[in-house]
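Here are some notes for a colleague who is opening this structure for the first time. Please keep the 3D view at hand while reading.

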Amino acid sequence: MSTIGNLNYRWSQALVSGFVAAGVARVVISPGSRSTPLALAMLRQPGLICDVAVDERCAAFFALGQAKSSRQPVLLLATSGTAPANWLPAVIEASQSGVPLILLSADRPPELQQCGANQTVNQSAMFAPYVRAAHLLGAPDAGFDPGWLHRLAAQMCEQASWPRPGPVHLNQPFREPLLPNEPLPDVQDLPKIRISQPVMAPEPQAIADLARTISGRPGVIIAGESPFDSGYAEALTALAGQLDCPILAEPLSNLRFGAHDRTRLCVRYNRWLADPALASRCRPEWVLRFGATPVTRHLQQYLASVSGTHAWIEPTPGWSDPAHRLTHLLRADPAAACRALLAAAPAAVAPAWREAFIAAETQAEADQAAPHIAALIAELPDDCAVFVGNSLAIRQLDSNSGGADKALRFYGNRGASGIDGNISTAAGIAAIHGRVVALLGDLTCQHDLGGLALLQGRNAVVVAVNNAGGGIFDYLPQAALAEFETGWRTPQQINFRHAAQTFSLGYHAAESIDAFGQSLQAAFQSGGPQLIELRLP
């Protein structure tokens, strides 16, 4: 019996050291019994940063935030039974937004499956539709080769990172006893396993054909959410300069803020596209699209109205064409594709085309913006990460963020666009970036109150916009129903001051825009975890 406990530990040690050798630096652990061998190996592994999160759903979104910010695989560990099932919402988000996660679920051994053993469920295909790969291991075997586990860990790191980043699942059964009963040697300093992925170069003939197609014709560049690779902003804006065309840049494109050329950026399109006459005057003959599908309905409808050339430049597998208008698909690194198109020297369009967009942007800028968004952007320090909640928050930011020279990095969970786990995701971003501000609705905050526990010791400001429930539904047809208030608006009675006190956060209440600005200043000066409740009519 004692040999089994030692075997479990040596097996786990070999697997965990393989992850570290392949470059993994972080793990999020939820406490449990059956996962003890892996948890112990992780906690004793030099060079591995371990965070412990009691709630598995919060843990999964916390790991998602870390992987989203670092763009490196993060390990996630839970015990057997329903514990890993709580990961599913975060696994779906990671799958659809291309975030590398490595899921390690402990399990009962085969002889305890399908016989009524406690805390035993079928974990083999728990995440089947959403993982890039699944590895169902047997219980540790005394004759195992550590080199096999070492390289399996490296293989999982590659599967989570390329060709399309996403989650990978490993299910690991253990027999009891789970603890070793004798002193075991520390993990050996094993050689690094170096994994590199290719940079997708554009196919020259496809570039030449596309350059001829768009040369001298009125068109637009659409920049959606995408990883902000070095050189991408400069290459994209240089191409727009060559074509003299506008860039309709969403907040999650991370093009609206920074030192790169922003002279051709349109950031208020969500307001002026609501005017059919303006939208008609600015209808292009071609579209170059980078990144994910646009967030707002006005921009989606604008793209759907274009019957000409639709080109999507994307290096990873997948299909993003909900309007069914795609005519060109270039599997290529976005920056490399921009530089190749620039080298092809397509002709610029007549200046009147860009001037029409400038006029539309100027008119929209003169309209009243959402004042709390303007106040938030004005107070944000340089080099700040901003996590934006779904529903109303991302749409208000899209319409009213403006742009500036200061470096801001925007994040959101737009893969599946859920309101779950948003605080936990922001906490994970703070763990990597160092500072984060989360702009969230009141229902979104209530949905993830447990995530406030993960903010301890971090420079994180959560702005809870309390507008008495689901404000996004005010803009949808359900608002006309007699049952609207009960079934959709759902105003809550949560006391955010008490929530902040429960989790030892600083608390600020603001009922005006001036007070909101002052609360932001006070929160930044205080440092650490802070919660601001912005009460809106």
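1. A definition comes before the tour. A crossover is right-handed if, with the strands pointing away from the viewer, the path from the first strand over the helix to the second runs clockwise. Strand 13, helix 14 (residues 392–400) and strand 14 form a β-α-β unit of this right-handed kind. Keep in mind that the model is predicted.

2. Next, the sheet around that unit. Six strands make up an open sheet, ordered 14-13-15-16-18-17, with parallel pairing. Strand 14 and strand 17 (506–510) are the edge strands, and each pairs on one side only. From one strand to the next, the twist averages 20°.

3. How is strand 13 held between its partners? Strand 13 runs parallel to strand 14 (residues 408–412), and five bridges join the two. Here Val388 has Gly412 of strand 14 as its bridge partner. Strand 13 also pairs with strand 15 (residues 435–441), again in the parallel sense, over four bridges. On that side, Ala385 has Val436 of strand 15 as its bridge partner.

4. Is strand 13 enclosed or open? Five of the five residues of strand 13 (residues 384–388) are buried, so the strand is largely enclosed by the rest of the structure. Cys384, Val386 and Val388 point one way. Ala385 and Phe387 point the other way, and all of these residues are buried.

5. Strand 17 and strand 18 (residues 529–535) are parallel and share five bridges. Within this pair, Ala509 stands opposite Glu533 of strand 18.

6. Six strands form it in the order 2-1-3-4-6-5, and the pairing is parallel. Strand 2 (49–52) and strand 5 (133–136) stand at the edges with a single partner strand each, so one side of each has no neighbour in the sheet. Neighbouring strands here are turned by 15° against each other on average, direction ignored.

7. Now look inside that sheet. Strand 3 (residues 74–78) and strand 4 (residues 101–107) run parallel and are joined by five bridges. Ala78 stands opposite Ser105 in strand 4. Helix 3 (residues 56–70) lies across strand 1 (26–29), strand 2, strand 3 and strand 4. Its direction is about 170° to strand 3.

8. Which residues does Gln172 touch? Gln172 sits in strand 6 (residues 167–173). Its relative accessible area is 0%, so Gln172 counts as buried. Leaving aside residues up to four places away in sequence, Gln172 touches Trp11, Leu38, Ser105, Ala106, Asp107, Leu137, Gly138, Ala139 and Pro140.

9. Helix 7 deserves a check of its length. At 1.5 Å a residue, its twelve residues (residues 232–243) should span 16 Å, and the end C-alpha atoms are 17 Å apart, which agrees. Just after the helix, Asp244 takes a positive phi of about 55°.

10. Finally, what covers helix 7? The buried residues of helix 7 are Tyr232, Ala233, Ala235, Leu236, Thr237, Leu239, Ala240 and Leu243. Their cover includes helix 6 (204–214) and helix 11 (334–343). It also includes strand 7 (219–223), strand 8 (247–249), strand 9 (265–266) and strand 10 (286–290).

Terms used: Residues are numbered from 1 along each chain as its sequence is written. This is a predicted model: local features need pLDDT of at least 70, side-chain atom pairs count only at pLDDT 80 or more; totals for chains, interfaces and linings use all residues. Side-chain values use heavy atoms; hydrogens and water are left out. Buried means under 20% relative accessible area, exposed over 50%, partly exposed in between (1.4 Å probe, protein chains only). Two strands pair if DSSP finds at least two bridges between them. Contact means heavy atoms within 4.5 Å. The expected span of a helix is 1.5 Å times one less than its number of residues. Axes are lines fitted to C-alpha atoms, for helices over the stretch in contact, and angles run from 0 to 180 degrees between N-to-C directions.
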